[in-house]
Amino acid sequence: MLTVLLLLFPVAAALLLHFAKGQAARVMAFGASLVEFALAIFIAVTSQHTARAQFEVNVPWIASAGINFHVGIDGLSLLLVLLTTFLVPLIILASFRHDYPNASAFYALILFMQTGLIGVFISLDAFLFYFFWEVALIPIYFLAGIWGSERRIQVTFKFFLYTIIGSLFMLAAFVYLYFQTGVNGAMRSSDIIAFYNLNLSAAQQAWLFWLIFIAFAVKMPIFPFHTWQPDTYTESPAPATMLLSGIMLKMGIYGCLRWLLPIVPKGVSQWDKVVMILAVIGIIYGAIIAIRQRDMKRLIAYSSLSHVGLMAAGVFSITLMGMQGAVVQMLAHGINVVGMFFIADIIQRRTNTRQIPELGGLTRSTPLLSVTFLVILLGTVALPLTNGFVGEFLLLGGVYQYNNWLGAVAGLTIIFAAVYLLRMFQRVMLGPDSSFSAAIRDLSGSELAVLIPLIIMVFWIGLFPNVFLRISEPAILQIITMINR
Amino acid sequence: MTSIILLSVLGIVNLFLGFLRSNRMLLPVAMIILVVVFGANAYDWNSASQSYFNNMLTIDRYSVAFTGIVVLTTVLLLPFSQKYVRDDEANLAEYYSLLLFSLVGAIMMVSYENLLMLFVGIEILSISMYVLAGSDKRNVRSNEAALKYFLMGSFATGILLFGIALVYGATGAFYVSQIGEAVANPANASMQPMLYIGLLMMLIGVGFKVSAAPFHFWTPDVYEGTPTFFAAFMSTVVKAAGFAAFLKLLVQAFPAAQNFWIPTIIAMCVLTLLIGNVGAVAQNSVKRMLAYSSISHAGYLMIGLVAFNGALSGLSANGIFFYSLAYSIATVAAFGVLKLVSDQRQREDYTALNGLARTNPLLAFVMTVAMLSLAGIPLTGGFFGKFFLFGAAIDKGYIGLVVFAVVMSMVGIYYYLRPVIAMYMRPAEADATEPIAVGTFQAVVLVVLALLTVLLGILPGIFTGVL
């Protein structure tokens with residue numbers, strides 16, 4: 001029942017939010033998201049970290065078709081649920097300084113989105129998973145489309161079309177698999193276990209792989225399915241960007257781990273080289289473009305593209321090291337990218353610009369901002385002792401085990417990240433004084449309240465990664481055994 | 001049967017109420033009549049199937065289910081006729097009576113056993129619609145719509161009747177079950193050319209009624225000219241009843257000839273999907289877009305015909321039932337909002353919707369739910385409608401057809417999002433900053449429509465596998 005509560009609480013809160021206006025809506029949404037976080041913590045503390053899903057609920061949903069409402073939380077789900085419930089309150093808090101028109105609808109959509117995201121992470125039925133996968137898309141479309149900046153209409157439209165077309169391929173694959181479960185007179189089922197147990201030929205898996213993979217690749221996004229991403233990240237309002245990059249991106253990687261690899265392992269072994277090469281191209285491509293960016297948000301968007309390529313490479317290396325690296329890096333990237341976008345938003349709000357060349361010397365009047373910015377930035381650069389280091393170390397280790405050359409090329413990401421991120425820091429925070437450097441205000445209390453938890457997490461994951469690795473290890477090991485069947 | 005009797009009698013009573021010269025009474029009375037009919041129909045659900053007039057009509061679960069859809073749709077549609085209530089010139093009693101009588105036709109179409117009953121049912125429904133299409137008599141477009149619909153419709157029913165005659169000539173029967181036996185009988189092989197021509201003509205006749213391509217040409221013009229309220233009725237009730245009749249015809253009379261008609265229906269289906277979806281993209285008027293989208297939905301429903309399994313239950317029949325229900329509810333919501341907006345803003349193009357989310361959040365929300373449902377996006381009934389129909393077709397091995405339909409529904413997303421973008425993301429036009437006046441009753445019905453759509457999208461299990 002706890003899982004159902006976890007799922008329904010945000011959407012119930014979102015409905016109640018309709019009766020609140022302005023300031024009250026923010027506070028209510030923040031309160032609701034904190035309660036949700038507490039619920040997730042409670043689940044984390046009381047669950048055992050085995051490969052078996054905990055707190056399972058399995059009741060008929062579309063009874064006549066053998067489709068069930070089947071949810072449960074194993075170690076992998078738990079980490080992502082924790083990430084989601086941890087970030088959403090911070091994202092809501094981060095938006096307190098903005099005065100969004102029609103605030104109750106704005107926050108209701110964020111909470112609605114949270115339900116969709118958690119649903120994706122805990123669904124154990126293919127159609128339920130697809131249902132939540134699309135449900136998460138609807139609120140973000142409106143968040144970006146209504147409250148975004150000038151070019152929002154074209155950009156969000158493109159985003160919507162890309163992702164929904166991608167997911168339709170996945171739906172087609174799921175429907176096909178669903179009918180496969182019933183071939184020998186058995187009852188048709190869309191349960192994840194039924195899908196795992198299918199005996200698919202290598203030829204079937206070869207095309208099923210692409211149908212499912214494209215949906216996840218668009219969401220992450222992996223090169224060359226990424227073209228919606230920089231525009232959407234740039235044009236969306238800050239909280240929507242944080243949701244997109246911090247959490248929604250992880251839907252794709254999670255999908256690969258939970259749904260793609262175990263269901264079509266033979267398809268993976270046929271195509272993993274292609275995916276690895278695409279991922280590595282994405283790493284280098286994103287990094288090189290990031291170096292050329294002048295807009296802070298765009299720079300972070302391309303940096304995110306580069307980092308997600310590395311996570312995908314880790315997943316498709318099919319090594320414990322690479323996959324565990326992807327899991328830790330999902331957490332680390334979620335924390336870092338939300339922090340980076342928040343800081344870009346703070347700077348934009350104070351100076352009305354995100355253009356790096358127009359800024360400079362901000363550190364003189366904003367010591368707090370520059371310290372927090374530096375910490376999060378170093379986390380992204382993967383400095384040892386920070387969260388990024390653990391993730392990238394494991395990821396690169398996994399990719400090396402897969403192929404030395406690819407590992408070597410992928411390793412360039414750390415150098416590139418240092419180049420573009422430190423350059424950005426230097427030109428924005430240090431560098432010659434700009435017109436803003438004297439007058440700019442330092443962090444306020446509420447902004448610190450967002451950044452301090454993020455910084456704590458940067459160090460916590462960096463110093464004690466085992467806490468998190470232990471939670472996901474049984475689940476990952478089980479996935480690997482299923483692939484190697 | 002009770003519903004047919006009730007509708008006929010109460011329709012006449014309703015007509016007499018027109019003498020009272022008080023339009024205010026008519027709407028509540030018509031609503032009550034329909035609710036009573038809905039209840040009487042639902043009462044038949046658990047009784048065994050009953051036959052009437054020498055088995056010419058059968059009331060079974062199949063007919064009760066589809067009767068439920070058409071009556072429910074009409075109940076939910078009626079509140080949007082409130083403008084006529086205030087308009088003294090409108091002949092409200094006649095309008096409502098025609099709607100009630102046309103429902104009789106619709107019910108006959110879903111419960112016929114004899115092709116003559118099918119023909120009579122189609123005619124009762126169609127003749128009412130010819131009149132209603134022209135009910136805005138001072139409007140040239142409405143007159144044009146009525147004339148166009150009448151002329152084309154008459155040809156179509158003529159062709160249908162000719163088809164019925166040829167089928168009778170080939171099989172010697174009007175009853176669908178007897179036709180089915182005769183078609184399956186190898187001794188009748190010499191009659192095949194006549195039978196096939198007859199069947200083809202019947203496909204044309206019914207195809208016209210459900211606006212399937214290439215017999216769709218009347219649809220956009222007629223919808224555009226017909227008053228929005230009646231256009232909504234046309235695109236929901238006529239379509240739901242038409243497909244119920246279509247499926248019954250193919251399942252009971254021609255299962256043995258499926259090698260002949262399945263390729264024909266597939267060709268029509270592909271053409272319908274293509275013309276409906278591509279045509280809708282090019283429209284600037286929301287009403288014309290809905291007209292083309294109604295063509296495209298005929299295409300999706302035809303997938304259910306192709307996936308037929310020789311019974312009035314199972315995946316294909318349930319798919320058509322669920323789809324008709326979800327489609328009707330969403331379409332009533334879309335036309336309802338469009339009617340309220342166009343009555344006040346005197347425009348039916350997308351700009352009329354600009355900024356509607358600011359002035360009327362409720363209307364914008366309901367319209368959005370309707371559009372998402374028609375586009376087939378999860379959380380709405382439209383998603384599961386498509387899901388069940390496509391699933392039925394995949395089960396039968398028509399993967400290519402489903403892939404094509406999926407590609408076409410991607411095109412659909414493009415034009416269904418345009419109203420949403422207009423309402424939420426574009427600023428209002430200078431002359432359209434005033435909120436639209438929405439009556440409490442209409443608001444309640446709109447909320448009910450949105451809730452039903454979401455209910456179908458979250459708990460589809462309630463309505464699946466009922467047949």
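B:Thr157 belongs to helix 7 of chain B, which covers residues 140–171, and in this predicted model B:Thr157 is buried, with a relative accessible area of 5%. Once residues up to four places away in sequence are set aside, B:Thr157 touches B:Phe119, B:Ile122, B:Glu123 and B:Lys209.

**A buried glycine in chain B**

- B:Gly105 is part of helix 5 of chain B, residues 92–111, and its relative accessible area of 0% means that B:Gly105 counts as buried.
- Apart from neighbours within four places in sequence, B:Gly105 is in contact with B:Gly121, B:Ile124 and B:Leu125.
- The C-alpha atom of B:Gly105 is separated by 28 Å from that of B:Ile462, a residue 357 residues apart from B:Gly105 along the chain.

**The contact between chain A and chain B**

- Chain A contributes 29 residues to the contact and chain B contributes 31 residues, and between them the two chains bury about 2700 Å², of which 84% lies on carbon and sulfur atoms.
- On the chain A side, the residues that lose the most area to chain B are A:Phe131, A:Ile153 and A:Phe157, which together make up 19% of what that side buries.
- One salt bridge is found across the interface of chain A and chain B; A:Arg188 and B:Asp395 form a salt bridge in which the closest N and O atoms are 2.7 Å apart.
- Three residue pairs are in polar contact between chain A and chain B, with both residues of each pair at pLDDT 80 or more.
- Four elements of chain A, namely strand 1 (54–62), helix 5 (126–135), helix 6 (137–147) and helix 7 (152–180), each supply at least two residues of the side that touches chain B.
- Helix 7 of chain A provides the largest share of the side of chain A that touches chain B, with 13 residues.
- Sorted by class, the side of chain A that touches chain B consists of 23 nonpolar, three polar and three charged residues.

**A strand hairpin in chain A**

- Strand 1 and strand 2 of chain A run antiparallel and are joined by six bridges; within this pairing, A:Val59 has A:Phe69 of strand 2 as its bridge partner, and A:Val57 has A:Val71 of strand 2.
- The two strands of chain A form a hairpin with four residues between them, and in the turn A:Gly66 has a positive phi of about 70 degrees.
- Strand 2 of chain A (residues 67–73) is largely enclosed by the rest of the structure, because six of its seven residues are buried.

**Salt bridges within the chains**

- Over all chains, the count comes to 21 salt bridges.
- One of the salt bridges joins the side chains of A:Arg258 and A:Asp74, at 2.6 Å from N to O; since A:Arg258 lies in helix 11 (residues 238–263) of chain A and A:Asp74 in the loop between strand 2 and helix 3 (75–94) of chain A, the pair ties together parts that are 184 residues apart in sequence.
- Both A:Arg258 and A:Asp74 are buried.
- A:Arg151 and A:Glu235 form another salt bridge, with the closest N and O atoms 3.3 Å apart, and this pair links distant parts of the chain, with A:Glu235 in helix 10 (residues 229–235) of chain A and A:Arg151 in the loop between helix 6 and helix 7 of chain A, 84 residues apart.
- The two partners fall into separate accessibility classes: A:Glu235, at 11% relative accessibility, counts as buried, whereas A:Arg151 is partly exposed, with a relative accessible area of 40%.
- A:Glu447 forms a salt bridge with A:Arg350, their closest N and O atoms being 2.7 Å apart, and here too the pair links distant parts of the chain, namely helix 14 (residues 320–351) of chain A, which holds A:Arg350, and helix 18 (residues 445–463) of chain A, which holds A:Glu447, 97 residues apart.
- A:Glu447 counts as buried, at 1% relative accessibility.
- In chain B, salt bridges that share partners join B:Arg141, B:Glu144, B:Lys148, B:Asp221, B:Glu224 and B:Arg288 into one network.

Terms used. Residues are numbered from 1 along each chain as its sequence is written. Chains are lettered from A and ligands numbered from 1 in the order in which they are written. Side-chain values use heavy atoms; hydrogens and water are left out. Contact means heavy atoms within 4.5 Å. Buried area is the accessible area (1.4 Å probe) that two parts lose on being put together, summed over both. A salt bridge is a side-chain nitrogen of Lys or Arg within 4 Å of a carboxyl oxygen of Asp or Glu. A polar contact is a pair of N or O atoms within 3.5 Å; within protein, one must be able to donate a hydrogen and the other to accept it, and residues adjacent in sequence count only if both atoms are side-chain atoms. Ala, Val, Leu, Ile, Met, Phe, Trp, Tyr, Cys and Pro count as nonpolar, Asp, Glu, Lys and Arg as charged, and the others, Gly among them, as polar. Buried means under 20% relative accessible area, exposed over 50%, partly exposed in between (1.4 Å probe, protein chains only). Two strands pair if DSSP finds at least two bridges between them.
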